[in-house]
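Dear colleague,

I am handing over the structure below, and my notes on what was found in it follow directly after.

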Amino acid sequence: MARTLKQHLKTIDKELASLILKISDSSNTISKELPNRMGKSDTKNVYGETQLIADKWADEFLIDEFKKTGIVKSVVSEERSEVVKLNKKGIFNVTLDPLDGSSNIESNNMVGTIIGIYEKDLPTQGKHQIAALYVLYGPTTTLVYTAGNGVHEFVRAEKAFLLKKENIKLPEPGILYGIGGLRKDWLPLFKKYIKELEAQGYKLRYGGSFVGDVNQILHYGGIFAYPSLTTKPDGKLRLLVESNPISFIIKQAGGASTNGKCSILEIKPENITQRVPTYIGNKNLIEKLKKLL
Ligand code: P6P
């Protein structure tokens, strides 16, 4: 039988393993609860986006789960405007996007939970992550994690998450591209770059959830971007809770990320809610793009 997540985590720090395992258990509750948490709430998040009932519930549920571990010191969540202090004696500081792509729930498309784990206090550069993971609620529930020891994917079976793929590397040269924002608002040089990819036969795959779209790049190779737009120079994705954890995972899978100038993991955050133009995928594609931009 395939190794379980619990067995796989024996290779890393015990406390960190217990936190990742706790998150995997919590994700089972989330996938069960989604059908009961449909619809819009009457509040907006700090980004001015209407919060779905599922967004708020998943946020409260996960933050409560973190508190109960006793080892999480603080949480930065997409659904909160301030750092949430949990346990003074906690070891880990966590970034959280409870339900990335939650607008997809209505149409039963990909949604996922994105988590970054630090020992250093937040906000700090993404390169200080000691682990990152995401759970994808799709036809199956899968969990992808790195603790700086490569990227490993598990699929939720009856009693446990079972190892599906270990030490995942982005396939070269990759076959997909997925780009957010309106094409008419892309910067001219970026439009030129995408035209070249299309001429080379790259296929468009865009599902409206960062975590679902990047999971495709992890499996098939290529590039995902929510680029700088003429209307939104910083794009849409949040540096701390979306782009940093995913950039860490993709780097561990042999890929790269950039905001157009430097690796996303090097960016010194000015605040916990800042957005960042996000280009992420195969190293050769990112290098080519950086030269162009
Ligand atoms: P658009 C989801 O709300 C999200 O933050 C990312 O998961 C996703 O990549 C992006 O927004 C989708 O944005 O403009 O295509 O709806």
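An open sheet of mixed pairing is formed by five strands, ordered β12-β11-β13-β15-β14, where strands are DSSP runs of E of at least two residues and helices are runs of H or I of at least four residues, numbered from the N terminus, and where two strands pair if DSSP finds at least two bridges between them. Because β12 (203-204) and β14 (255-258) each have a single partner strand, they stand at the edges, and one side of each is left without a neighbour in the sheet. The partner of β14 in an antiparallel pairing over four bridges is strand β15 (residues 278-282), with Ala-256 opposite Gly-281 in β15. Helix α4 (residues 188-199) packs on the sheet and touches β11 (176-179), β13 (222-226) and β15, contact meaning heavy atoms within 4.5 Å. Helix α7 (residues 283-292) also packs on the sheet, touching β13, β14 and β15, and its direction makes about 140° with that of β15.

Elsewhere, helix α2 (residues 14-33) and helix α3 (residues 53-69) pack at about 150° with axes 11 Å apart, axes being lines fitted to C-alpha atoms, for helices over the stretch in contact, and angles running from 0 to 180 degrees between N-to-C directions. The two helices α2 and α3 are therefore roughly antiparallel, a term for angles over 145 degrees.

As for provenance, this is a predicted model, in which local features need pLDDT of at least 70 and side-chain atom pairs count only at pLDDT 80 or more, while totals for chains, interfaces and linings use all residues. Residues are numbered from 1 along each chain as its sequence is written, and side-chain values use heavy atoms, with hydrogens and water left out.

Best regards

Definitions and conventions. Parallel < 35°, antiparallel > 145°, perpendicular 65-115°, else oblique.
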